[in-house]
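Reader: I would like to learn how to read a protein model feature by feature, beginning with the whole chain and ending with single residues. Could you take me through one?

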Amino acid sequence: MWICVSNDFELRNVLIKILNSASNPIGENFNNLDIEQLQIHLRNTFHGQKFLLVLDDVWNEDRARWDELKEIIDVGVERSKILVTTRSHKVAAIMHTKSSNSYLLGCLSEKDSLSLFVKYAFEDGDEMKHPQLLKIGEEIVNKCGGLPLAVKTVGSSLFSRVDEKEWESVRDNEIWNLKQNEKDILPALKLSYDQLPSYLKPCFASFSLFPEDTFLFSSQVCMLWGALGFLPPPKAGESMIDVATQLLHELWSRSFLSEYEDHGGECRFKLHDLVIELAVYIAKGKFEIIKNHNPKSYKNAHHLTFAANNLLDQTLLPRSLRSITFPRGANNEVFLNTLVSRCKFLRVLNLDFSEYASLPRCIGKLKHLRSLSLLENENLTELPDSICKLQNLQSLILNGCIKLQKLPEGLGNLISLRHLFITTKQPVFPEKEVASLTSLEQLGFY
């Protein structure tokens, strides 16, 4: 018996699915029976029978519900088996028993992915007639990351098409540009997202701002999530990094993170292309990466990232902006001045790898600012002392600022500061001021 459980683990519905999947020679209708009647039918069906029951795509994380079902179907028949598939490590742990084994399934190999792709993209044997299409198909398959649903979706969309330009268009576009059907890759991944608890959903949406195939670190994510208010308060003895690491571990357990490595206090991971694309889909309208100047796409955005050094007209900046990441090499002082004076609710200002020699003095008026990052800003020579008025600031990132003459005066006033990374030419370190930062979790010199 093989039943697709999905997110419906209501006992009565699961029992009906099992009975409908079992041998039913007289075609009996179980839909109108109550739970007690269903139990009797199920035990009569299983009596003296050796069975294999597959519970496919399980999302239930309530152990009591699983125990309730297990008690009903455990009829003591030797060598009977229950096979569970899930994308959640937590579900696997809940449904695990002393006598059972868990298997972590890998992705398809390149060879098997291509074989599956050919099956859906070509009539039997036709791939040999179109060697150039097959070559493009190999490149498309590489973008699918060994995920069968992705391979099937893309292959099916190209079936019976022989125009190379159409294949190249698919190869060069993201998978979400393809027309999606209800059971294809977008709904399948979105189901995983829908199962997330509410506190993880904004964290997941923020993945839309991160690059593909790049290692990310828990401390890096912690600074963003903490600044945006996504992290719950730490328990006694915990740091904010501990809290962020716990959330990341939960996302990993739900198979959203790849190449996850826990190094004790710090973890690193990558985001698969399709995970980022799902995050972009979820976050659309709130988290936006600016690739072209289309004001409609970001007029209500709370979070902006510029993909290239093409800063938009400063008059188009949404006043409700919460975070902004400048492009590498940015040096538009008018834009920066307008941003600081216009966007009063800004929480994150990321100026990594920019070319500003100084910052506007009015930056001290951004009373909601939680994170200010100037990583590798090699032209920066000074910082206004008004930065030290930012009593909500949690992260100040100055490593790689090789021309910075001195730190701003009044660092001790940054009572919320948790992360401080410094590169400066200042000969004397302000020990007393830094020592008064009682919230500090990380202090680094570079």
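Author: What follows is a walk through this structure, from its overall make-up to its helices and then to some individual residues. Please keep in mind that the model is predicted.

Reader: What does the secondary structure of the protein come to, and what share of its residues count as buried?

Author: The secondary structure comprises 16 helices and 14 strands, and of the 446 residues of the protein, 44% count as buried. Taken along the principal axes, the C-alpha atoms fill a box of roughly 85 × 60 × 35 Å.

Reader: How far apart are the end C-alpha atoms of helix H6, and what span should its residues give?

Author: Helix H6 covers residues 131–143, and at 1.5 Å a residue its 13 residues should span 18 Å, while the end C-alpha atoms are 19 Å apart, which agrees.

Reader: Which residues of H6 are buried, and which exposed residues does the face turned away from them carry?

Author: The buried residues of H6 are Leu133, Leu134, Ile136, Gly137, Ile140 and Val141. These residues cover an arc of only 160 degrees around the axis, which puts them on the same side of H6. On the face turned away from that buried side, H6 carries the exposed residues Pro131 and Lys135. After the helix comes Gly145, whose phi is positive, near 60 degrees.

Reader: Which residues are buried in helix H3, and what do they pack against?

Author: In H3, which runs over residues 63–73, the buried residues are Trp66, Leu69, Ile72 and Ile73. Seen down the axis of H3, they fall within an arc of 125 degrees, so they line one face of the helix. Their packing partners are helix H1 (11–21), helix H2 (35–46), strand E2, strand E3 (81–84) and helix H4 (89–95), whereas the face of H3 turned away from the buried side carries the exposed residues Ala64 and Glu71.

Reader: Which residues are buried in helix H8?

Author: Within H8 (residues 164–172), Trp167, Val170 and Arg171 are buried. Seen down the axis, these buried residues of H8 fall within an arc of 100 degrees, so they line one face of the helix. The exposed residues Lys165 and Asp172 are carried on the face turned away from that buried side.

Reader: How should I describe two helices that pack together, and at what angle do the axes of H11 and H12 cross?

Author: Two packed helices are described by the angle between their axes and the distance between the axes. Here the axes of helix H11 (residues 218–227) and helix H12 (residues 240–253) come within 9 Å and cross at roughly 105 degrees. The two helices are therefore roughly perpendicular to each other. From H11, the residues Ser218, Ser219, Val221, Cys222 and Trp225 meet Met240, Ile241, Ala244, Thr245, Leu247, Leu248 and Leu251 of H12, and the residues of this contact divide into 9 nonpolar, 3 polar and no charged.

Reader: What should I look for in phi, and where do Asp57 and Phe353 lie?

Author: Most residues other than glycine have a negative phi. Asp57, although it is not a glycine, has a positive phi of about 60 degrees; this residue lies in strand E2 (residues 52–58) and counts as buried, at 16% relative accessibility. Phe353 likewise has a positive phi, near 60 degrees, in a residue other than glycine. Its place is in the loop between strand E10 (348–350) and strand E11, and with a relative accessible area of 31%, Phe353 is partly exposed.

Reader: Gln394 and Val428 are both in loops; which of the two counts as buried, and which as exposed?

Author: Gln394 is in the loop between strand E11 (371–373) and strand E12 (395–398), and at 16% relative accessibility Gln394 counts as buried. Leaving aside its neighbours within four places in sequence, Gln394 is in contact with Gly226, Ala227, Arg370, Ser416, Leu417, Arg418 and His419. Val428, in the loop between strand E13 (419–422) and helix H16 (431–435), counts as exposed at 58% relative accessibility. The C-alpha atoms of Val428 and Phe256 are separated by 45 Å, and these two residues are 172 residues apart along the chain.

Conventions:
Residues numbered from 1 in each chain as written. Predicted model: local features only at pLDDT ≥ 70, side-chain atom pairs only at ≥ 80, totals over all residues. Heavy atoms only, no water. Helix = DSSP H or I, 4+ residues; strand = E, 2+ residues; numbered from the N terminus. Expected span 1.5 Å × (residues − 1). Buried < 20%, exposed > 50% of the residue type's maximum accessible area, 1.4 Å probe, protein only. Arc of directions from axis to C-beta. Axes fitted to C-alpha atoms, helices over the stretch in contact; angles between N-to-C directions. Parallel < 35°, antiparallel > 145°, perpendicular 65-115°, else oblique. Contact = heavy atoms within 4.5 Å. Nonpolar A, V, L, I, M, F, W, Y, C, P; charged D, E, K, R; others polar.
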